[in-house]
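I opened this notebook to record what I looked up in the structure, one topic to an entry.

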Amino acid sequence: MPDALHRYLSARLPQVSDVRIGPLTRSPGGSSRAMYFFDASWTGDATVSNTLALRMDESSTFKEPEISLHREFLVYRALMGTTVPVIDNYWYENDPSWLGQPFVIRQRVDDVHTSIDFASTAEKQAILENFIEIIAAQHSLDWRALGLEFLGAPQTPDSFPGELLEKWVRVFRREQLGPDPLTVAGIAALSRQLPSHVCKIALLQGQVGPNQILWRDGKILASLDWESAMLGDPMADLAYFSLACRPHVGDEFVEHLLDRYSELTGTPIQRESFAFYTNFQLFWASVVATTSLNYFGTRHPPRLEPLRAAMVRTRSMMRRFENSVTGL
Amino acid sequence: MFYSLDSVLEAVQACIRDDLWPETSSPWADRQARSAIWALEHVRERLAHGRELLLSEHQQLTAVLAEVERVRALCPELAAALESVVTVEAGPRPAAELLDPVLEGEVRQLRQAVEQLAELVPDLGGEQLSGLRDALMRYLHDQDRRIESVVTIAHTC
């Protein structure tokens, strides 16, 4: 792989010479796509970082059309220079002759935290205060002006919840390997809870949580994971954000963050919609488990990562999903 | 043989945890070691409790479907609502009669029927259907706990 990367960077940076590629190390982060870190050096000037990450296309959970490495790359490019901090994405390559599958090369930022799991309570609160400001800024972006219409707006704002549910039910049915009464009961319940009104359509991250950021000294340097980005109801992002943050900082602080969001955006929290999207995001976790199990069960040789993703990483969300369906 | 399969699995876990893991410097290898230890523990739990959990699920699924039959018999006006739920010939039987392949096959069939019932969840209101709804919800809850019991490992990995 280093040889191919050497040839690739040399082709992409014709103004420099003597390109050298350091050893590649596989990142332990992320469970669906392989990512490698490497350093590069060259003689001459290029507006590209020397510390780089290579993100591969093959995913062990979702696939086209629900996620897309190319779409994610375009979203990153559109966000560069906006009020939403992102890492620089340099190239998307879909010619398989380089590495056998499409890939992206992007900036790598070192000496940062990728999770708030081990932060102090004060640090967690400071980071999440910063995060809600970023989400407010993200939901206030003019997505048309940024050229993000390709993400596909819903037919009407009010049709978004139904279209969202339909899309992910399709994914669930496509990937399901056996009967799953819990998920089916959850879908049936969700289909009767669709909110009737959506106040606006914004750029959503899809699943926005405190383990999808890079932070240092209590400040967020970059917001990560835009592969599920879409245009839709901001309450959907806030519901996932709330689910992901409550175990870290408690209900009261999350309510404070939601109030802060309303203050920054002028958008009140729609409680009916919020309840629907909370249950939807729990259902979505079940779809993650379903797609990961499918990957585990249908690939040869099977790999442990998707099995562990299906059975362990989604466990706390699955427990909450069961609780939301049964009320027990 | 004078040793159990469980002791072999435990030894493999110890080998990964105590011999290989400390020697790894790659974060990715570290993560894979954790996954391997988890998977071996999952296998040990399945070997130790898998049949017992499947029998318990079989019993609960047949109870849910017996409730469907009861509602069909007592409330003909509700029979149409339950039309999509197929009848499965897999009633409760002594555990000894259910060999593993039969048990697995029947549980799959029963789950399929209960999945059809699950599609009707929002319609299972009213007093006449409360017993059926309760049985279904109890099954969904207990099944989640059964799964949890074989995938959640107490020690860190």
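Domain bounds in these notes come from an automatic or database domain assignment. The model is a predicted one, in which local features need pLDDT of at least 70 and side-chain atom pairs count only at pLDDT 80 or more, while totals for chains, interfaces and linings use all residues. Residues are numbered from 1 along each chain as its sequence is written, and chains are lettered from A and ligands numbered from 1 in the order in which they are written.

**Entry 1, domains of chain A.** I looked up the assignment for chain A and found domain 1 (2-107) and domain 2 (121-326). Taken over C-alpha atoms, the centres of domain 1 of chain A and domain 2 of chain A are separated by 26 Å. I then looked at contacts (C-beta atoms, placed from the backbone, within 7 Å), and 20 residues of domain 1 of chain A are in contact with 26 residues of domain 2 of chain A.

Helices (H or I, at least four residues) and strands (E, at least two) are DSSP runs, numbered from the N terminus. At what angle do helix H4 (residues 121-139) of chain A and helix H7 (residues 234-265) of chain A pack? I read an angle of about 40° between H4(A) and H7(A), with the axes 9 Å apart, the axes being lines fitted to C-alpha atoms, for helices over the stretch in contact, and angles running from 0 to 180 degrees between N-to-C directions. H4(A) is therefore oblique to H7(A), given that angles under 35 degrees count as roughly parallel, over 145 as roughly antiparallel, 65 to 115 as roughly perpendicular and the rest as oblique. The residues that make this contact include Leu128(A) and Ile132(A) of H4(A), with Phe241(A) and Phe253(A) among those of H7(A). The contact of H4(A) with H7(A) divides into 12 nonpolar, four polar and four charged residues.

I found 26 residues from chain B and 27 residues from chain A in the contact. On the side of chain B that touches chain A, at least two residues each are supplied by helix H2 (27-74), helix H4 (100-118) and helix H5 (130-151) of chain B, and H2(B) gives the most, with eight residues.

I noted a cis peptide bond between Glu64(A) and Pro65(A), with omega about 5°, and Pro65(A) lies in the loop between strand E4 (51-59) and helix H2 (69-79) of chain A. Another cis peptide bond joins His300(A) and Pro301(A), where omega is about -5°; Pro301(A) lies in the loop between helix H8 (271-298) and helix H9 (304-313) of chain A. I also checked phi of Asp217(A), which is near 50°, a positive value in a residue other than glycine. Asp217(A) sits in the loop between strand E8 (213-216) and strand E9 (219-223) of chain A, and Asp217(A) is exposed because 10 other C-beta atoms lie within 10 Å (buried means 20 or more such atoms, exposed 12 or fewer, partly exposed in between, with C-beta atoms placed from the backbone).

How values were computed
Contact = placed C-beta atoms within 7 Å. Nonpolar A, V, L, I, M, F, W, Y, C, P; charged D, E, K, R; others polar.
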